[in-house]
Every structure is written in structure tokens, then in C-alpha cells.
Amino acid sequence: MDLSQRHRAMLLSVLDDRRFDPNEPRLPHGPGGGRWGSLGGIVGKIKHWHNDSSGVHDLAAAVESGETSRTKLSGGRMGTTELVVHRNGAKTVSKTFLDVSAQMGPGYEPESQADAEQLSAVAGTKIGAPVARVLRTAPDAITTEFIEGESAVEIRNKIRKEAKTVREELDVPETAHAEIARIAATPAGVRLGAFDILTGQWDRSNPANWMLTPAGAPVGIDHAFGFDDQAAFPSEPPARGLVGPFATQFVDYTSAPPRWANNPLSQNDIAWLRKQLGEIEDDFTARKSHDWWEFMLERLDAIAPYASGTESKFAPR
């Protein structure tokens with residue numbers, strides 16, 4: 001039985017409690033969407049999905065204000081992704097997930113994907129990782145903050161455009177790799193890598209799943225595969241093909257099999273991360289995903305002995 005099959009079998013015991021319920025409330029959207037009245041009314045609806053409504057007030061206010069336009073975005077193989085412009089001037093990204101469990105197996109139901117997006121954002125926000133914030137709006141839908149910037153695909157294309165000779169064109173992959181490695185080594189890149197390791201974000205290998213802001217900071221997006229069955233054993237390093245460019249600095253892939261590498265986190269970071277993650281246990285329990293919370297703590301235990309940094313990347317100085 002491979003890792004995927006093992007974890008899927010484990011998931012079967014909890015999936016029955018995660019079924020899509022069409023009677024669960026959806027937050028209103030669209031030009032004809034109802035108004036919630038005061039911000040306090042909005043927060044009341046948020047709390048159906050969120051234990052702590054802090055950090056998503058602006059997203060809720062945008063949704064409540066209604067919409068002026070929706071534009072379908074490319075990609076979104078797991079559902080429909082749209083850029084929404086709201087009446088209050090804000091931009092968000094709306095996602096409605098498809099049921100692909102028949103093709104991919106248990107754990108890919110719409111509500112499970114939405115849970116992964118929501119809880120990944122809860123964890124990332126709590127620890128201070130650069131990830132898009134998420135407002136849960138329905139069992140199968142979320143609204144995320146819109147991240148201005150360019151993807152890794154666009155970074156590579158820009159480098160290709162700047163190449164002036166055939167020889168330079170041939171060096172585009174190496175140049176792009178070096179630029180992405182430079183971004184990953186920044187403090188924000190280290191924090192995103194730690195987040196990816198802690199939450200099993202194997203899909204960061206998709207170059208469309210992170211953005212580089214105009215300020216030069218990487219921001220993780222698209223976390224429907226968070227806590228996925230590809231990372232069934234948190235004590236073991238993920239396979240080479242199951243990490244993005246940020247998480248690779250936590251694993252030594254020159255050895256066979258891969259092993260944990262000394263990482264840039266400090267021991268103060270480890271203690272602080274443990275404290276922060278401990279404070280969101282109830283968020284995971286509320287979504288019947290306590291096993292995902294346990295995964296993060298076990299993964300933190302796994303990388304803790306290798307935290308050899310002398311300066312904190314997470315912990316307040």
C-alpha cells in the first residue's frame with residue numbers, strides 16, 4: 001500500500017463528517033446579494049465558519065458590499081476561480097470547488113478542499129507566514145484576498161524577454177532558477193518554506209501557486225492541497241517532487257532517501273511556532289480536522305532538531 005492509499009484509508013474515518021450540506025449558510029454575493037447591515041452582523045455570519053473572525057473583516061465587508069464584476073481566471077482545475085471587483089472598490093478572488101473525488105479519491109470533495117484552503121490560511125496568518133487570507137463563504141466556496149504581483153511563470157517569461165542573444169536565451173532556465181532561489185532565501189521566503197513544510201503544501205511546485213509582490217515579497221496562494229495525503233508521514237521529509245522552491249531548504253535531497261537538513265529557523269522560532277499553533281487547535285477541531293493540526297505539530301517536532309539559525313525568522317525579537 002503506497003503513501004497515498006494509506007492516508008486515504010485513514011481519511012475515510014473522518015470524511016463522513018465532512019459531507020456537503022446544502023442547507024449550510026452561504027454568504028451573499030453578486031449585485032443582487034442581500035446586505036448584512038452592520039459589521040457586527042457580518043462577523044456573526046463569519047463565525048459560522050471561523051472560530052476567530054479577526055483578519056477577515058475586510059474580506060467580509062467586500063463580500064457584503066456586493067459586486068460590480070466577475071472575471072473568470074485561468075487554471076482552477078479543481079474548481080471555478082474568478083476575480084471579483086466589489087462595490088466598495090476592493091478586489092478578491094472567489095473559488096468554488098468541484099467534486100473530483102471520483103477521479104482522485106477520498107479527500108478531494110469540495111468541502112475538504114475548502115477546509116484545506118481555510119485552515120491553511122488560519123495557520124499561515126497565525127504564524128506570520130506570507131500567505132493569502134481566506135474567508136469561508138460556503139461549504140464548497142471561499143473568498144481570498146487578491147494578491148498583486150507576478151507568478152513564477154511570469155518571472156521566467158520576463159527573464160526570457162530580457163535575454164538579448166541566443167546564448168542568453170539558453171541560460172534562461174538557470175537564470176530563473178537562481179532568481180527564485182534568491183527569493184526563497186529571503187526572510188519571507190524562509191517563512192513560506194516553513195509554512196509549506198508544516199502544512200504539507202506539496203502543490204507549491206506549481207509555479208502558479210505563489211506570487212511575487214511589487215515589494216519583492218513572495219506570497220503563497222492556492223492551498224486546496226494542504227494537508228494532502230501525499231504527505232502521510234509528518235516525521236519523514238517529503239519526496240523531491242512534492243515540494244516547491246521554498247521548502248527545499250528544509251530537506252537534504254542529495255542523500256537517498258532524503259533527510260531533514262539544517263534549516264534557517266532558530267530555536268526561538270520553534271518555541272514560538274509551537275505556541276502559535278497551539279492557539280489554533282480549536283479552529284481545526286471545529287472543522288473536524290484535528291488530524292491536520294496534529295500533522296503540523298508532528299512536522300514541527302521533526303524539523304526542530306535541525307533549526308540552527310542564529311536570527312529569528314518568525315519569533316518577535
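At roughly what angle do the axes of helix 9 and helix 12 cross, and within what distance do they come?

1. In this predicted model, the axes of helix 9, which covers residues 187-199, and helix 12, which covers residues 290-303, cross at roughly 120 degrees and come within 8 Å. Angles of 65 to 115 degrees count as roughly perpendicular and those over 145 as roughly antiparallel, so helix 9 is oblique to helix 12.

2. The residues that bring these two helices together are I197, L198 and T199 on the side of helix 9, and they meet F295, M296, R299, L300 and I303 of helix 12. Sorted by class, this contact of helix 9 with helix 12 consists of six nonpolar residues, one polar residue and one charged residue.

3. Turning to the sheet, five strands are arranged in the order 1-2-3-5-4, and they form an open sheet in which the pairing is antiparallel. Its edges are strand 1, residues 67-72, and strand 4, residues 134-138, each of which pairs on one side only. From one strand to the next, the twist averages 25 degrees.

Methods
Residues are numbered from 1 along each chain as its sequence is written. This is a predicted model: local features need pLDDT of at least 70, side-chain atom pairs count only at pLDDT 80 or more; totals for chains, interfaces and linings use all residues. Side-chain values use heavy atoms; hydrogens and water are left out. Two strands pair if DSSP finds at least two bridges between them. Helices (H or I, at least four residues) and strands (E, at least two) are DSSP runs, numbered from the N terminus. Axes are lines fitted to C-alpha atoms, for helices over the stretch in contact, and angles run from 0 to 180 degrees between N-to-C directions. Angles under 35 degrees count as roughly parallel, over 145 as roughly antiparallel, 65 to 115 as roughly perpendicular and the rest as oblique. Contact means heavy atoms within 4.5 Å. Ala, Val, Leu, Ile, Met, Phe, Trp, Tyr, Cys and Pro count as nonpolar, Asp, Glu, Lys and Arg as charged, and the others, Gly among them, as polar.
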